[in-house]
Amino acid sequence: MKILVTGGAGYIGSHTANRLLKNGFEVVVFDNLTTGFREAVPKGAKFIQGDVRSEEHLTQVLRDEKISAVIHFAAKLNVKESTFKPLDYYENNTAGVLAMAKAMQTVGVKHIVFSSTAALFGDKVQDRGIVEDDPKSPLNPYGNSKLMSEYILSDAASTGALTYCALRYFNVAGASDDGENGQRTADAFHLIHLGVQAAIGKRKQLQLFGNDYPTPDGTCIRDYIHVEDLADIHLLALKHLLAGGESDYFNCGYGFGYSVKEVIKMIKTVSGADFPVIESERRPGDAASLVADSAKLKSKLGWKPQRADLNLICKSAYQWEKRISNVK
Ligand SMILES: NC(=O)c1ccc[n+]([C@@H]2O[C@H](COP(=O)([O-])OP(=O)(O)OC[C@H]3O[C@@H](n4cnc5c(N)ncnc54)[C@H](O)[C@@H]3O)[C@@H](O)[C@H]2O)c1
(Lines give C-alpha, C1' and ligand atoms only; values in the text may rest on other atoms or scores of the structure.)
Protein backbone atom coordinates (compact mmCIF):
# COMPACT_ATOMS: atom_id res chain seq x y z
CA MET A 1 0.00 0.00 0.00
CA LYS A 2 1.30 3.41 -0.92
CA ILE A 3 1.00 6.35 1.48
CA LEU A 4 1.48 10.00 0.56
CA VAL A 5 3.32 11.83 3.34
CA THR A 6 3.14 15.59 2.89
CA GLY A 7 5.77 17.43 4.91
CA GLY A 8 7.75 14.18 5.05
CA ALA A 9 11.05 16.04 4.72
CA GLY A 10 10.34 17.74 8.04
CA TYR A 11 11.03 16.67 11.60
CA ILE A 12 7.98 14.58 12.54
CA GLY A 13 7.09 13.63 8.96
CA SER A 14 10.49 12.08 8.25
CA HIS A 15 10.37 9.97 11.43
CA THR A 16 6.89 8.79 10.53
CA ALA A 17 7.83 8.06 6.89
CA ASN A 18 10.61 5.85 8.22
CA ARG A 19 8.21 4.05 10.55
CA LEU A 20 5.83 3.38 7.63
CA LEU A 21 8.62 1.92 5.50
CA LYS A 22 9.68 -0.35 8.36
CA ASN A 23 6.11 -1.60 8.57
CA GLY A 24 5.84 -2.57 4.94
CA PHE A 25 4.18 0.50 3.41
CA GLU A 26 5.44 2.23 0.30
CA VAL A 27 5.95 5.94 0.89
CA VAL A 28 5.82 8.99 -1.35
CA VAL A 29 7.02 12.16 0.36
CA PHE A 30 5.57 15.42 -1.00
CA ASP A 31 7.27 18.53 0.35
CA ASN A 32 8.19 22.04 -0.80
CA LEU A 33 11.34 22.05 1.38
CA THR A 34 10.59 25.43 2.96
CA THR A 35 11.56 24.10 6.38
CA GLY A 36 12.22 20.49 5.42
CA PHE A 37 15.42 18.83 4.23
CA ARG A 38 15.87 16.52 1.27
CA GLU A 39 18.35 14.43 3.28
CA ALA A 40 15.76 13.82 6.01
CA VAL A 41 13.58 11.84 3.57
CA PRO A 42 14.28 8.22 4.41
CA LYS A 43 15.96 5.96 1.88
CA GLY A 44 13.28 3.86 0.25
CA ALA A 45 10.76 6.69 0.04
CA LYS A 46 10.06 8.42 -3.26
CA PHE A 47 10.44 12.21 -3.08
CA ILE A 48 8.33 14.70 -5.03
CA GLN A 49 8.97 18.40 -4.57
CA GLY A 50 5.67 20.21 -4.57
CA ASP A 51 3.36 22.51 -2.69
CA VAL A 52 0.19 21.38 -0.95
CA ARG A 53 -1.54 24.56 -2.00
CA SER A 54 -1.62 23.17 -5.56
CA GLU A 55 -4.75 21.07 -5.85
CA GLU A 56 -3.77 20.27 -9.43
CA HIS A 57 -0.38 18.85 -8.50
CA LEU A 58 -1.85 16.91 -5.57
CA THR A 59 -4.54 15.43 -7.82
CA GLN A 60 -1.91 14.32 -10.32
CA VAL A 61 0.29 12.73 -7.65
CA LEU A 62 -2.59 10.94 -5.89
CA ARG A 63 -3.71 9.52 -9.25
CA ASP A 64 -0.34 8.70 -10.82
CA GLU A 65 1.10 7.14 -7.67
CA LYS A 66 -2.08 5.18 -6.87
CA ILE A 67 -2.08 6.46 -3.30
CA SER A 68 -4.19 4.57 -0.71
CA ALA A 69 -4.06 7.14 2.10
CA VAL A 70 -2.48 10.44 3.08
CA ILE A 71 -0.63 11.62 6.17
CA HIS A 72 -0.64 15.39 6.06
CA PHE A 73 2.15 17.09 8.03
CA ALA A 74 2.87 19.99 5.67
CA ALA A 75 2.38 23.26 7.51
CA LYS A 76 4.00 26.39 8.82
CA LEU A 77 4.25 26.25 12.61
CA ASN A 78 5.93 29.33 13.97
CA VAL A 79 3.34 30.66 16.41
CA LYS A 80 4.97 34.06 16.73
CA GLU A 81 5.29 34.52 12.97
CA SER A 82 1.64 33.59 12.59
CA THR A 83 0.66 36.65 14.64
CA PHE A 84 2.20 39.06 12.15
CA LYS A 85 1.69 36.99 8.97
CA PRO A 86 -1.71 35.41 9.68
CA LEU A 87 -2.78 35.16 6.06
CA ASP A 88 0.30 33.09 5.21
CA TYR A 89 -0.81 30.59 7.83
CA TYR A 90 -4.38 30.37 6.56
CA GLU A 91 -3.10 30.04 3.01
CA ASN A 92 -0.43 27.43 3.72
CA ASN A 93 -2.11 25.42 6.46
CA THR A 94 -5.86 25.78 5.97
CA ALA A 95 -5.97 26.20 2.19
CA GLY A 96 -3.39 23.39 1.97
CA VAL A 97 -5.81 21.02 3.72
CA LEU A 98 -8.68 22.24 1.55
CA ALA A 99 -6.68 21.57 -1.61
CA MET A 100 -5.78 18.11 -0.30
CA ALA A 101 -9.38 17.23 0.61
CA LYS A 102 -10.58 18.31 -2.83
CA ALA A 103 -7.83 16.38 -4.62
CA MET A 104 -8.63 13.28 -2.55
CA GLN A 105 -12.30 13.60 -3.42
CA THR A 106 -11.50 13.95 -7.13
CA VAL A 107 -9.27 10.87 -7.19
CA GLY A 108 -11.26 8.83 -4.64
CA VAL A 109 -8.56 8.57 -1.95
CA LYS A 110 -10.54 7.96 1.22
CA HIS A 111 -8.28 8.29 4.25
CA ILE A 112 -6.19 11.05 5.81
CA VAL A 113 -4.27 11.39 9.06
CA PHE A 114 -3.82 15.05 9.90
CA SER A 115 -1.23 16.83 12.09
CA SER A 116 -3.18 19.02 14.46
CA THR A 117 -1.99 20.68 17.64
CA ALA A 118 -2.59 21.34 21.34
CA ALA A 119 -2.67 25.01 20.31
CA LEU A 120 -6.38 24.45 19.54
CA PHE A 121 -7.10 24.58 23.25
CA GLY A 122 -5.68 27.96 24.20
CA ASP A 123 -5.42 28.39 27.95
CA LYS A 124 -8.89 27.47 29.17
CA VAL A 125 -7.91 24.20 30.90
CA GLN A 126 -4.97 24.46 33.30
CA ASP A 127 -5.63 22.16 36.24
CA ARG A 128 -5.98 18.72 34.61
CA GLY A 129 -5.23 16.79 31.45
CA ILE A 130 -7.00 18.22 28.38
CA VAL A 131 -9.60 15.90 26.88
CA GLU A 132 -10.50 15.92 23.21
CA ASP A 133 -13.85 17.67 23.62
CA ASP A 134 -12.61 20.45 25.90
CA PRO A 135 -13.43 23.92 24.52
CA LYS A 136 -11.35 25.12 21.58
CA SER A 137 -10.00 28.64 21.88
CA PRO A 138 -6.73 29.07 19.95
CA LEU A 139 -4.64 32.04 21.05
CA ASN A 140 -3.04 32.72 17.66
CA PRO A 141 -3.57 32.40 13.89
CA TYR A 142 -1.48 29.20 13.80
CA GLY A 143 -3.96 27.49 16.17
CA ASN A 144 -6.88 28.97 14.23
CA SER A 145 -5.47 27.66 10.94
CA LYS A 146 -5.36 24.14 12.39
CA LEU A 147 -8.82 24.34 13.95
CA MET A 148 -10.24 25.46 10.60
CA SER A 149 -8.45 22.53 8.96
CA GLU A 150 -10.15 20.15 11.38
CA TYR A 151 -13.52 21.68 10.47
CA ILE A 152 -12.80 21.10 6.77
CA LEU A 153 -11.96 17.44 7.35
CA SER A 154 -14.90 16.90 9.69
CA ASP A 155 -17.36 18.42 7.21
CA ALA A 156 -15.88 16.45 4.30
CA ALA A 157 -16.12 13.27 6.40
CA SER A 158 -19.77 13.96 7.19
CA THR A 159 -20.61 13.59 3.47
CA GLY A 160 -18.85 10.21 3.32
CA ALA A 161 -16.13 11.61 1.05
CA LEU A 162 -13.32 10.54 3.39
CA THR A 163 -12.40 9.36 6.87
CA TYR A 164 -9.78 11.18 8.94
CA CYS A 165 -7.90 11.13 12.20
CA ALA A 166 -6.78 14.48 13.59
CA LEU A 167 -3.80 14.03 15.92
CA ARG A 168 -3.31 16.96 18.26
CA TYR A 169 0.32 16.88 19.22
CA PHE A 170 1.47 18.44 22.45
CA ASN A 171 5.24 19.26 22.61
CA VAL A 172 7.24 17.02 20.32
CA ALA A 173 10.92 16.44 21.05
CA GLY A 174 13.76 13.95 20.90
CA ALA A 175 15.57 12.12 18.13
CA SER A 176 15.35 8.67 16.60
CA ASP A 177 16.36 5.59 18.58
CA ASP A 178 19.19 4.82 16.13
CA GLY A 179 20.52 8.40 16.31
CA GLU A 180 20.09 8.84 12.54
CA ASN A 181 17.36 11.48 12.54
CA GLY A 182 16.22 14.42 14.63
CA GLN A 183 15.31 18.10 14.52
CA ARG A 184 17.32 19.72 11.70
CA THR A 185 15.70 23.16 11.56
CA ALA A 186 18.40 25.31 13.19
CA ASP A 187 15.99 28.06 14.25
CA ALA A 188 13.17 25.80 15.46
CA PHE A 189 11.82 27.45 18.58
CA HIS A 190 11.06 24.45 20.81
CA LEU A 191 12.50 24.53 24.34
CA ILE A 192 14.40 21.23 24.27
CA HIS A 193 15.89 22.03 20.86
CA LEU A 194 17.05 25.47 22.02
CA GLY A 195 18.28 24.03 25.31
CA VAL A 196 20.50 21.38 23.71
CA GLN A 197 21.85 24.04 21.34
CA ALA A 198 22.82 26.11 24.40
CA ALA A 199 24.36 22.99 25.97
CA ILE A 200 26.73 22.47 23.04
CA GLY A 201 27.57 26.18 22.81
CA LYS A 202 25.61 26.90 19.62
CA ARG A 203 23.69 29.51 21.62
CA LYS A 204 25.25 31.71 24.27
CA GLN A 205 22.27 31.40 26.59
CA LEU A 206 18.72 30.19 26.94
CA GLN A 207 15.86 32.56 27.51
CA LEU A 208 13.12 31.63 29.97
CA PHE A 209 9.85 33.47 29.37
CA GLY A 210 7.88 34.14 32.54
CA ASN A 211 8.55 32.92 36.08
CA ASP A 212 5.32 34.07 37.69
CA TYR A 213 2.81 31.58 36.29
CA PRO A 214 0.45 29.81 38.72
CA THR A 215 2.55 26.61 38.66
CA PRO A 216 4.72 25.12 41.46
CA ASP A 217 7.95 26.79 40.27
CA GLY A 218 6.33 29.67 38.37
CA THR A 219 7.30 28.45 34.89
CA CYS A 220 5.07 26.97 32.17
CA ILE A 221 4.29 23.26 32.17
CA ARG A 222 4.18 21.24 28.94
CA ASP A 223 3.64 17.61 28.00
CA TYR A 224 6.73 16.51 26.03
CA ILE A 225 6.18 13.55 23.70
CA HIS A 226 9.05 11.64 22.08
CA VAL A 227 8.96 11.92 18.28
CA GLU A 228 9.30 8.14 17.91
CA ASP A 229 6.26 7.49 20.12
CA LEU A 230 4.39 10.01 17.98
CA ALA A 231 5.43 8.13 14.83
CA ASP A 232 3.83 5.01 16.35
CA ILE A 233 0.58 6.90 16.85
CA HIS A 234 0.48 7.77 13.13
CA LEU A 235 0.89 4.14 12.22
CA LEU A 236 -1.96 3.17 14.54
CA ALA A 237 -4.23 5.93 13.21
CA LEU A 238 -3.46 4.95 9.61
CA LYS A 239 -4.21 1.28 10.27
CA HIS A 240 -7.43 2.26 12.05
CA LEU A 241 -8.65 4.16 8.99
CA LEU A 242 -7.48 1.57 6.46
CA ALA A 243 -9.37 -1.10 8.43
CA GLY A 244 -12.59 0.90 8.01
CA GLY A 245 -12.46 2.70 11.38
CA GLU A 246 -14.47 5.88 11.90
CA SER A 247 -13.11 9.40 11.76
CA ASP A 248 -11.80 10.57 15.10
CA TYR A 249 -9.49 13.02 16.88
CA PHE A 250 -6.93 12.35 19.57
CA ASN A 251 -4.81 14.33 22.02
CA CYS A 252 -1.23 13.11 21.73
CA GLY A 253 0.87 13.44 24.86
CA TYR A 254 1.82 11.35 27.86
CA GLY A 255 -0.61 12.83 30.37
CA PHE A 256 2.01 14.49 32.56
CA GLY A 257 4.09 17.58 32.12
CA TYR A 258 7.32 19.25 33.14
CA SER A 259 8.01 22.88 33.90
CA VAL A 260 10.48 24.91 31.87
CA LYS A 261 12.85 24.89 34.86
CA GLU A 262 12.61 21.09 35.16
CA VAL A 263 13.41 20.68 31.48
CA ILE A 264 16.40 23.01 31.70
CA LYS A 265 17.67 21.10 34.72
CA MET A 266 17.37 17.82 32.81
CA ILE A 267 19.24 19.21 29.79
CA LYS A 268 22.03 20.39 32.09
CA THR A 269 22.13 16.94 33.71
CA VAL A 270 22.30 14.91 30.49
CA SER A 271 24.81 17.27 28.87
CA GLY A 272 26.90 18.17 31.89
CA ALA A 273 26.91 21.78 30.59
CA ASP A 274 25.93 24.73 32.76
CA PHE A 275 24.77 27.34 30.23
CA PRO A 276 23.34 30.72 31.31
CA VAL A 277 19.56 31.04 31.58
CA ILE A 278 18.09 34.52 31.25
CA GLU A 279 14.73 34.98 32.93
CA SER A 280 12.52 37.46 31.09
CA GLU A 281 8.91 38.60 30.82
CA ARG A 282 6.07 36.28 29.85
CA ARG A 283 5.41 35.93 26.12
CA PRO A 284 1.90 36.81 25.02
CA GLY A 285 -0.18 33.73 24.21
CA ASP A 286 1.65 31.21 26.42
CA ALA A 287 -0.72 29.08 28.50
CA ALA A 288 0.49 28.25 32.03
CA SER A 289 -0.01 24.53 31.57
CA LEU A 290 -0.83 22.26 28.60
CA VAL A 291 -1.00 18.57 29.39
CA ALA A 292 -2.87 15.96 27.36
CA ASP A 293 -5.31 13.42 28.65
CA SER A 294 -4.29 10.50 26.45
CA ALA A 295 -6.87 7.96 27.71
CA LYS A 296 -8.78 7.99 24.41
CA LEU A 297 -5.63 7.39 22.38
CA LYS A 298 -4.79 4.40 24.53
CA SER A 299 -8.27 2.88 24.65
CA LYS A 300 -9.35 3.48 21.05
CA LEU A 301 -6.08 3.08 19.13
CA GLY A 302 -4.32 0.81 21.62
CA TRP A 303 -1.31 3.14 21.91
CA LYS A 304 1.34 2.07 24.39
CA PRO A 305 3.96 4.77 24.97
CA GLN A 306 7.49 3.36 24.91
CA ARG A 307 9.62 6.41 25.62
CA ALA A 308 7.76 8.49 28.22
CA ASP A 309 10.98 9.58 29.88
CA LEU A 310 12.25 13.17 29.93
CA ASN A 311 15.82 11.99 30.46
CA LEU A 312 15.65 9.85 27.30
CA ILE A 313 14.02 12.64 25.30
CA CYS A 314 16.63 15.24 26.31
CA LYS A 315 19.54 12.84 25.92
CA SER A 316 18.52 11.79 22.39
CA ALA A 317 18.00 15.43 21.39
CA TYR A 318 21.39 16.38 22.86
CA GLN A 319 23.23 13.55 21.09
CA TRP A 320 21.55 14.39 17.80
CA GLU A 321 22.43 18.09 18.11
CA LYS A 322 26.07 17.18 18.82
CA ARG A 323 26.10 14.89 15.81
CA ILE A 324 24.78 17.44 13.31
CA SER A 325 27.03 20.14 14.76
CA ASN A 326 30.14 17.93 14.65
CA VAL A 327 30.70 18.32 18.39
CA LYS A 328 32.54 15.46 20.11
N1 LIG B 1 6.88 20.14 16.38
C2 LIG B 1 5.87 20.24 17.25
O3 LIG B 1 6.08 20.28 18.49
C4 LIG B 1 4.44 20.26 16.74
C5 LIG B 1 3.41 20.41 17.68
C6 LIG B 1 2.09 20.41 17.22
C7 LIG B 1 1.81 20.23 15.88
N8 LIG B 1 2.83 20.11 14.98
C9 LIG B 1 2.49 19.92 13.55
O10 LIG B 1 3.25 18.85 13.03
C11 LIG B 1 3.51 19.04 11.65
C12 LIG B 1 4.96 18.81 11.36
O13 LIG B 1 5.74 19.68 12.17
P14 LIG B 1 7.33 19.57 12.27
O15 LIG B 1 7.69 19.92 13.67
O16 LIG B 1 7.78 18.29 11.69
O17 LIG B 1 7.76 20.80 11.36
P18 LIG B 1 8.74 20.89 10.10
O19 LIG B 1 8.84 22.33 9.75
O20 LIG B 1 10.00 20.16 10.39
O21 LIG B 1 7.94 20.10 8.98
C22 LIG B 1 6.97 20.70 8.15
C23 LIG B 1 7.25 20.22 6.74
O24 LIG B 1 6.21 20.69 5.87
C25 LIG B 1 6.80 21.24 4.70
N26 LIG B 1 5.85 22.21 4.15
C27 LIG B 1 5.43 23.36 4.75
N28 LIG B 1 4.55 23.98 3.95
C29 LIG B 1 4.41 23.21 2.84
C30 LIG B 1 3.64 23.33 1.66
N31 LIG B 1 2.85 24.39 1.43
N32 LIG B 1 3.73 22.37 0.72
C33 LIG B 1 4.54 21.30 0.91
N34 LIG B 1 5.31 21.13 2.00
C35 LIG B 1 5.23 22.09 2.96
C36 LIG B 1 8.13 21.81 5.15
O37 LIG B 1 9.07 21.97 4.12
C38 LIG B 1 8.56 20.76 6.19
O39 LIG B 1 9.29 19.71 5.59
C40 LIG B 1 2.99 20.44 11.32
O41 LIG B 1 1.71 20.31 10.71
C42 LIG B 1 2.85 21.10 12.68
O43 LIG B 1 1.85 22.08 12.68
C44 LIG B 1 4.14 20.12 15.38
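This is a predicted model: local features need pLDDT of at least 70, side-chain atom pairs count only at pLDDT 80 or more; totals for chains, interfaces and linings use all residues.
Helix 8 passes helix 10 with a right-handed crossing.

**Helix 8 and helix 10**

The axes of helix 8, residues 260-271, and helix 10 come within 9 Å and cross at roughly 60 degrees. Angles from 65 to 115 degrees count as roughly perpendicular and those under 35 degrees as roughly parallel; helix 8 and helix 10 are therefore oblique to each other. On the side of helix 8 the contact is formed by E262, V263, M266, I267, V270 and S271, which meet L310, N311, C314, K315 and Y318 of helix 10. By class, these residues comprise seven nonpolar, two polar and two charged.

Helix 6 spans residues 191-199 and helix 10 spans residues 310-324; their axes come within 9 Å and cross at roughly 55 degrees. Helix 6 and helix 10 are therefore oblique to each other, and their crossing is right-handed. Here I192, H193, V196, Q197 and A199 of helix 6 meet L310, I313, C314, A317, Y318 and E321 of helix 10. Eight nonpolar, two polar and one charged residues make up this contact.

Helix 6 also packs against helix 8, at an angle of about 40 degrees and with the axes 10 Å apart. That angle makes helix 6 oblique to helix 8. The crossing of this pair is right-handed. L191, I192, G195, V196 and A199 in helix 6 meet V260, V263, I267 and S271 in helix 8. This contact holds seven nonpolar and two polar residues, with no charged ones.

| Helix pair | Axis separation | Angle |
|---|---|---|
| Helix 6 and helix 10 | within 9 Å | roughly 55 degrees |
| Helix 8 and helix 10 | within 9 Å | roughly 60 degrees |
| Helix 6 and helix 8 | 10 Å | about 40 degrees |

**The two domains**

The chain is divided into domain 1, covering 2-173 + 224-252, and domain 2, covering 191-222 + 256-324. The centres of the two domains, taken over C-alpha atoms, are separated by 24 Å. Across the boundary, 29 residues of domain 1 are in contact with 27 residues of domain 2. The size of an interface is often given as the accessible area lost when the parts come together. Between domain 1 and domain 2 about 2,500 Å² is buried, 63% of it on carbon and sulfur atoms. Within domain 1, the residues losing the most area to domain 2 are Y224, H226 and D229, which together account for 29% of what that side buries.

Methods
Residues are numbered from 1 along each chain as its sequence is written. Side-chain values use heavy atoms; hydrogens and water are left out. Axes are lines fitted to C-alpha atoms, for helices over the stretch in contact, and angles run from 0 to 180 degrees between N-to-C directions. Helices (H or I, at least four residues) and strands (E, at least two) are DSSP runs, numbered from the N terminus. Angles under 35 degrees count as roughly parallel, over 145 as roughly antiparallel, 65 to 115 as roughly perpendicular and the rest as oblique. A crossing is left-handed if the near helix is turned anticlockwise from the far one by less than a right angle, and right-handed if clockwise. Contact means heavy atoms within 4.5 Å. Ala, Val, Leu, Ile, Met, Phe, Trp, Tyr, Cys and Pro count as nonpolar, Asp, Glu, Lys and Arg as charged, and the others, Gly among them, as polar. Domain bounds come from an automatic or database domain assignment. Buried area is the accessible area (1.4 Å probe) that two parts lose on being put together, summed over both.
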